[in-house]
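Here are some friendly notes to read with the model open beside you. Each point takes up one part of the fold or one residue.

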Amino acid sequence: ELVDNNLVINESNQPKLGSPLQALKQDLQSALYDLTENGLAKLEQNDDWLTIELSSGMLFASGSAAANPSAAIVLEEVANIINRVNNYVEVRGYTDNLSISNEIFSSNWELSAARAAAITNMLEQLGVVQERLGIQANGANDPVASNEDSFGRARNRRVVIALSKYSYLQEKPQAPSKSELQEQLTGNIERELPEYDKIQIIRLPNGGIRITTRREAGDEKVESESIDNN
């Protein structure tokens with residue numbers, strides 16, 4: 001859509017930047033130092049994402065999406081850091097290119113999706129807000145090594161936790177204004193008073209309201225007591 005050059009574009013709907021990825025990378029490097037030194041984890045950063053690559057062999061048994069006990073220890077370290085920020089988190093599952101078909105998974109797509117979902121569920125249990133989380137199943141796509149040997153296939157079987165440069169900002173409900181509260185009050189009173197009452201609502205100069213009701217009783221008119229609400 002073309003707009004006039006002089007038109008001021010409202011950027012309020014644009015994504016908000018999260019915490020700096022470089023600072024997060026440094027914190028994660030400290031927390032996962034032993035894993036990165038032993039080749040079980042790898043951190044990479046570009047302009048849009050900070051990725052934490054974790055070996056599936058450390059997280060899952062072969063052909064399974066049930067996380068090992070060690071997975072909980074690693075993810076707790078990760079969650080302790082990413083819970084301090086609001087950056088979006090995308091969990092990506094990958095496999096090697098060897099076909100899989102068993103009573104649980106009929107393809108590498110399903111296995112990669114189930115593993116990504118398992119890690120996502122664990123992160124949520126560790127306090128990461130659900131709305132920040134997303135899943136991506138990649139199957140055998142995007143290998144990082146050759147699938148011609150067992151070493152390369154082991155590298156390709158991995159789960160990546162990717163932190164976006166953008167943040168999830170949870171909207172806090174705004175408290176109703178004084179005028180809105182008064183409107184709610186008068187509306188509730190109007191609904192609760194008997195139908196035969198004639199209701200008159202007067203807004204007072206000081207911001208309060210006065211409510212009067214009148215009803216006919218033969219030739220006699222009865223007026224209720226005024227109520228002031230400040």
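In which hand of crossing does α4 pass α5? The crossing of α4 past α5 is right-handed. Please keep in mind throughout that this is a predicted model.

1. **The chain as a whole.** You will find seven helices and eight strands in the chain. Of its 230 residues, 34% are buried. Among contacts in the chain with a separation of 6 or more, 61% are between residues 24 or more positions apart.

2. **Helix α4 against helix α5.** Two packed helices are described by the angle between their axes and by the distance between those axes. For α4 and α5 (residues 108–125), the angle is about 55 degrees and the axes are 9 Å apart. That angle makes α4 oblique to α5. On the α4 side the contact is made by A71, A72, L75, A79 and I82, and on the α5 side by I119, M122 and L123. By class, this contact has eight nonpolar residues, with no polar and no charged ones.

3. **Helix α1 against helix α4.** Helix α1 (residues 21–31) packs with α4 (residues 69–82) at an angle of about 150 degrees, and their axes are 10 Å apart. The two helices are therefore roughly antiparallel to each other, since an angle over 145 degrees counts as such. The crossing of α1 past α4 is right-handed. From α1, the residues L24, D27, L28 and A31 meet E77, V78 and I81 of α4. Sorted by class, the contact of α1 with α4 has five nonpolar residues, two charged and no polar.

4. **I82, a residue to look at in α4.** I82 lies in helix α4 and is one of the residues that α4 brings to its contact with α5. Is I82 buried or exposed? I82 counts as buried because its relative accessibility is 0%, and the cut-off for buried is under 20%. Setting aside neighbours within four places in sequence, I82 is in contact with V89, L123, V128, R132 and L163.

5. **L59 in helix α3.** Helix α3 covers residues 56–59 and holds L59. This leucine is buried, with a relative accessible area of 0%. Not counting residues up to four places away in sequence, L59 touches L54, A66, A67, N68, A71, I119 and V159. Two of these, A71 and I119, also take part in the contact between α4 and α5. L59 and I73 are 14 residues apart in sequence, and 10.0 Å apart in space from C-alpha to C-alpha.

6. **The aromatic pair.** How many aromatic pairs does the structure hold? There is one. The ring centres of Y88 and Y168 are 6.1 Å apart and the ring planes are at 65 degrees, so the pair is edge-to-face. The pair links distant parts of the chain, with its two residues 80 positions apart: Y88 is in strand β3 (residues 87–94), while Y168 is in the loop between β5 (158–167) and α7 (178–192). Y88 is partly exposed, at a relative accessible area of 34%, whereas Y168 is buried, at 15%.

7. N108 sits in helix α5 and is buried, with a relative accessible area of 13%. Leaving out residues up to four places away in sequence, N108 touches T95, D96, N97, L98, S99, I100 and G139. R157 is in the loop between α6 and β5 and is partly exposed, at 30% relative accessible area. With the sequence neighbours up to four places away again left out, R157 touches S55, S56, Y94, T95 and D96.

8. **A backbone detail at D142.** D142 lies in the loop between β4 (133–137) and α6 (150–156). Although D142 is not a glycine, its phi is positive, at about 55 degrees.

Notes
Residues numbered from 1 in each chain as written. Predicted model: local features only at pLDDT ≥ 70, side-chain atom pairs only at ≥ 80, totals over all residues. Heavy atoms only, no water. Axes fitted to C-alpha atoms, helices over the stretch in contact; angles between N-to-C directions. Helix = DSSP H or I, 4+ residues; strand = E, 2+ residues; numbered from the N terminus. Parallel < 35°, antiparallel > 145°, perpendicular 65-115°, else oblique. Left-handed = near helix turned anticlockwise from the far one by under 90°. Contact = heavy atoms within 4.5 Å. Nonpolar A, V, L, I, M, F, W, Y, C, P; charged D, E, K, R; others polar. Phe/Tyr/Trp six-rings, centres within 6.5 Å; stacked < 30°, edge-to-face > 60°. Buried < 20%, exposed > 50% of the residue type's maximum accessible area, 1.4 Å probe, protein only.
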